[in-house]
Amino acid sequence: MTQKRCILLKYGELILKGLNKRFFEDKLLESVREKLSGLGDFKVSVLQSTVTVFCEDDSLYDLALERMQRVFGIVSVCIAYIAEKDPEDICRVVREYVAPSLRGYQSFKCDARRSDKKFPMTSPEIARMCGAVCLEVNPRLKVDVRDPQITVMTEIRDNFAFIHAGSLKGAGGMPVATSGKVMLLLSGGIDSPVAGHLLAKRGAQLEAVHFESYPYTSMQAKEKVLDLARIMANYTGTIKVHVVNVTNIQLAIKEKCREEYFTLILRRFMMRIADHLAKFYGCGALVTGESLGQVASQTLSALHSTNAVASIPVFRPLIGTDKEEIVTIARRIGTFDTSVLPFEDCCTVFTPRHPKLNVELSKLIEQEEKLDIDALIKESLDSRDTAVCKPMDQ
């Protein structure tokens with residue numbers, strides 16, 4: 001053994017999978033390798049429901065650890081030191097590498113697990129042995145088995161012993177691309193990136209559509225959305241964003257329809273276009289960032305009217321959340337600061353002064369009959385431009 005440490009990635013609910021567990025593990029390893037691509041030469045493998053990451057260049061571990069926190073399917077990540085499966089070598093590693101890292105803490109405890117039941121010591125014996133070494137190095141440290149500031153864990157595996165102190169929280173959820181593909185309606189606001197993140201956390205692969213109203217919206221507004229997709233891709237992997245121009249749709253609505261219906265008619269056009277693109281690119285559902293009652297287009301009757309033109313399920317993961325909860329997630333995943341940049345989106349163009357709150361679907365359809373819906377949709381679809389947004393951390 002030449003390497004003194006590695007990264008351990010702990011499964012979340014993936015550990016509960018049965019006969020199809022290998023499928024999920026393969027997707028997880030694919031995500032881990034993608035996150036590490038371009039960083040260095042890493043060896044990634046699964047060892048008894050734990051992903052191990054080894055690298056010959058020890059200096060790369062800290063950066064790799066940061067990236068591993070953004071892998072869906074992993075609940076915790078840590079740097080572990082490697083020892084031979086020998087009590088003397090385990091004590092040496094604890095003394096040289098682990099115990100010194102406890103300086104600054106006031107309390108600790110030691111724990112141990114044995115995958116190899118042939119190891120000559122029991123788990124409590126291993127914990128006591130390692131605890132004694134930690135106290136030898138840090139005599140002022142206190143043992144607290146109920147509420148320690150940090151826990152030193154020794155894992156006896158088939159080949160080696162792994163010792164680590166403390167861990168970082170992982171992204172959780174399920175590996176990307178284990179739950180099919182969805183089409184996200186991605187605006188430049190706070191909500192839709194969070195909605196996409198939450199679906200990706202449940203294993204969905206994201207494709208996105210963004211609606212622009214150039215020249216009423218600027219190129220900076222479009223670039224802002226692509227930057228949001230790149231930030232999201234730090235967790236989700238590469239995202240394709242289909243940018244569709246809806247300016248002529250909005251002009252036609254303004255010219256022929258009653259003002260209070262502008263927003264809802266536009267939303268129905270967006271749903272139709274997103275539905276078409278979803279089926280074309282093999283997506284099984286649409287995803288929006290709508291939250292019940294947040295704005296006029298998100299009342300129950302308004303949501304019903306937009307659902308009515310979709311032929312596939314519409315997922316709204318934020319439907320029961322308030323703005324504060326959404327902002328908290330946006331800050332955590334890194335999209336908030338970009339979302340609040342002051343560039344307009346298409347929904348701010350031709351906004352009605354008094355939008356309809358409780359709409360009758362029959363009256364909405366009556367307004368739409370004044371428009372050549374198929375021709376307007378075809379024109380917008382023909383305008384689309386696709387951007388491939390790769391992770392910003394790669």
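Predicted model: local features only at pLDDT ≥ 70, side-chain atom pairs only at ≥ 80, totals over all residues.
Residues are numbered from 1 along each chain as its sequence is written, and side-chain values use heavy atoms, with hydrogens and water left out.

- Helices (H or I, at least four residues) and strands (E, at least two) are DSSP runs, numbered from the N terminus.
- Strand β1 covers residues 5-11, and seven of its seven residues are buried (under 20% relative accessible area; exposed is over 50% and partly exposed lies in between, with a 1.4 Å probe and protein chains only).
- In a regular strand, side chains alternate between the two faces of the sheet.
- On one side of β1 sit Arg5, Ile7, Leu9 and Tyr11, on the other Cys6, Leu8 and Lys10, and both faces are covered.
- Strands β1 and β4 (residues 74-83) run antiparallel and are joined by seven bridges; two strands pair if DSSP finds at least two bridges between them.
- Strand β3 (residues 50-55) also runs antiparallel to β1, with four bridges joining them.
- Within that pairing, Lys10 stands opposite Thr50.

**Nonpolar cores**

- A nonpolar core is a set of buried Ala, Val, Leu, Ile, Met, Phe, Trp, Tyr and Cys residues joined through side-chain atoms within 4.5 Å.
- The largest one has 36 residues, and those touching the most other members are Ile253, Phe269, Ile273, Leu286 and Leu371.
- Two or more residues of this core come from each of β10 (181-185), β11 (205-212), α7 (247-256), α8 (262-280) and α13 (373-382).
- Helix α8 gives the largest share, 11 residues.
- Leaving aside residues up to four places away in sequence, Ile253 touches Phe262, Ile265, Leu266, Phe269 and Leu371; contact means heavy atoms within 4.5 Å.
- A second, separate core has 34 residues, including Phe72, Val176, Ala195 and Ala208.

- Leu135, Val143 and Val145 make a nonpolar surface patch of about 250 Å².
- Leu135 belongs to helix α4 (residues 123-137) and is partly exposed, with a relative accessible area of 30%.

**Salt bridges**

- The whole structure holds 23 salt bridges, each a side-chain nitrogen of Lys or Arg within 4 Å of a carboxyl oxygen of Asp or Glu.
- Asp385 and Lys222 meet in one of them, at 3.7 Å from N to O.
- This pair links distant parts of the chain, 163 residues apart: Asp385 is in strand β15 (residues 385-389) and Lys222 in helix α6 (residues 219-236).
- Asp385 is partly exposed at 43% relative accessibility, whereas Lys222 is buried at 15%.
- Glu290 and Arg267 form another salt bridge, with their closest N and O atoms 3.0 Å apart.
- Because Glu290 lies in the loop between β13 (286-287) and α9 (300-307) and Arg267 in helix α8, the pair ties together parts that are 23 residues apart in sequence.
- Both Glu290 and Arg267 are buried.
- Glu360 and Lys363 meet in a salt bridge of 3.8 Å, N to O; Glu360 is partly exposed at 44%, and Lys363 is partly exposed at 41%.

Definitions and conventions: Patch = residues over 30% accessible without salt bridge, like charges linked within 9 Å, V, L, I, M, F, W, Y side chains within 5 Å. Areas by Shrake-Rupley, 256 points an atom, 1.4 Å probe, with all protein chains shown as cover.
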